[in-house]
Amino acid sequence: MQLATSRSSVESTADSLRITFAPLSVEAVYALADDSANGAVVVMSGMVRNNSEGKAVVALEYQAYEPMALEVFRQIAAQIRVTWAEATRVVIHHRTGKLAVGEISVLVAVGCPHRAEAFAACQYAIDTLKHNAPIWKKEHWADGSTSWVSIGACEQE
């Protein structure tokens with residue numbers, strides 16, 4: 001699937017695209033994706049889990065090149081509007097900073113008139129974000145060591 005390389009006329013002001021240090025709220029993101037034309041809102045919540053590759057994780061630390069990451073978010077939203085033209089709202093919020101186990105690191109929500117399109121668009125958004133956005137994570141292990149996870153490794157999750 002080819003992504004637009006610049007802002008498109010299909011970009012919507014109804015979209016909410018953010019990178020933030022602040023905690024993310026499923027309820028707030030759902031509300032941003034909600035619209036009376038929706039028959040479905042699909043929300044994907046990514047959170048810090050307590051293990052990776054059999055090792056105990058105590059925290060993840062996210063860093064982003066914000067201007068480029070937000071441009072990738074805009075491209076994702078624009079492509080959703082081309083592929084799933086009836087999509088009403090696209091919400092992509094990602095945290096940066098050090099997050100504890102159980103905290104939400106990313107929320108993606110897509111509102112559409114029909115559930116199949118909402119599911120497909122939401123999956124496209126998170127898969128493309130993980131592959132294309134310049135956002136990196138450092139795993140903090142229970143033994144005190146740390147390890148950066150490459151973008152390519154994130155695709156496997």
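User: Is Cys122 buried or exposed?
Analyst: Bear in mind that this is a predicted model. The cut-off for buried is under 20% relative accessible area. Cys122 comes in at 2% relative accessibility, so it counts as buried.

User: How many disulfides does a search of the whole structure find?
Analyst: A pair of cysteine sulfur atoms has to lie within 2.5 Å to qualify. For Cys112, the nearest cysteine sulfur is that of Cys122, and that one is 9.5 Å away. Cys122 is in no disulfide either. The count for the whole structure is zero.

User: And Cys112, is that one buried or exposed?
Analyst: Cys112 has a relative accessibility of 1%. With the limit for buried set at under 20%, Cys112 counts as buried.

User: How far apart are the end C-alpha atoms of helix α3, and what should the helix span?
Analyst: Helix α3 runs over residues 115–132, which makes 18 residues. At 1.5 Å a residue, the helix should span 26 Å. The model agrees with that, as the end C-alpha atoms are 25 Å apart.

User: What covers the buried residues of α3?
Analyst: The buried residues of α3 are Ala118, Ala121, Cys122, Tyr124, Ala125, Ile126, Thr128 and Leu129. As a general point, an α-helix has 3.6 residues a turn, so residues three or four places apart point the same way. The cover over the buried residues of α3 includes β2 (40–47), α2 (66–83), β5 (89–95) and β7 (104–112).

User: Which parts of the chain does the salt bridge between Asp15 and Arg81 tie together?
Analyst: The closest N and O atoms of Asp15 and Arg81 are 2.4 Å apart. Asp15 is buried at a relative accessible area of 13%, and Arg81 is buried too, at 10%. The two are 66 residues apart in sequence, so the pair ties the segment before β1 (16–20) to helix α2.

User: Where do Asp35 and Arg89 sit?
Analyst: Asp35 forms a salt bridge with Arg89, with the closest N and O atoms 3.1 Å apart. This pair links distant parts of the chain, 54 residues apart. Asp35 is partly exposed at a relative accessible area of 22%, and Arg89 counts as partly exposed at 21%. As for location, Asp35 is in the loop between α1 (26–33) and β2, and Arg89 is in strand β5.

User: Which residue meets Glu103 in a salt bridge?
Analyst: By the rule used here, the structure has four salt bridges. In the one with Glu103, the N to O distance is 2.9 Å.

User: Which residues make the nonpolar surface patch?
Analyst: The patch covers about 440 Å². One of its members, Trp148, is found in strand β9 (residues 146–149) and counts as partly exposed at 43% relative accessibility. The patch is made by Tyr65, Met68, Trp136 and Trp148.

Methods:
Residues numbered from 1 in each chain as written. Predicted model: local features only at pLDDT ≥ 70, side-chain atom pairs only at ≥ 80, totals over all residues. Heavy atoms only, no water. Helix = DSSP H or I, 4+ residues; strand = E, 2+ residues; numbered from the N terminus. Expected span 1.5 Å × (residues − 1). Buried < 20%, exposed > 50% of the residue type's maximum accessible area, 1.4 Å probe, protein only. Contact = heavy atoms within 4.5 Å. Patch = residues over 30% accessible without salt bridge, like charges linked within 9 Å, V, L, I, M, F, W, Y side chains within 5 Å. Areas by Shrake-Rupley, 256 points an atom, 1.4 Å probe, with all protein chains shown as cover. Salt bridge = Lys/Arg side-chain N within 4 Å of Asp/Glu carboxyl O.
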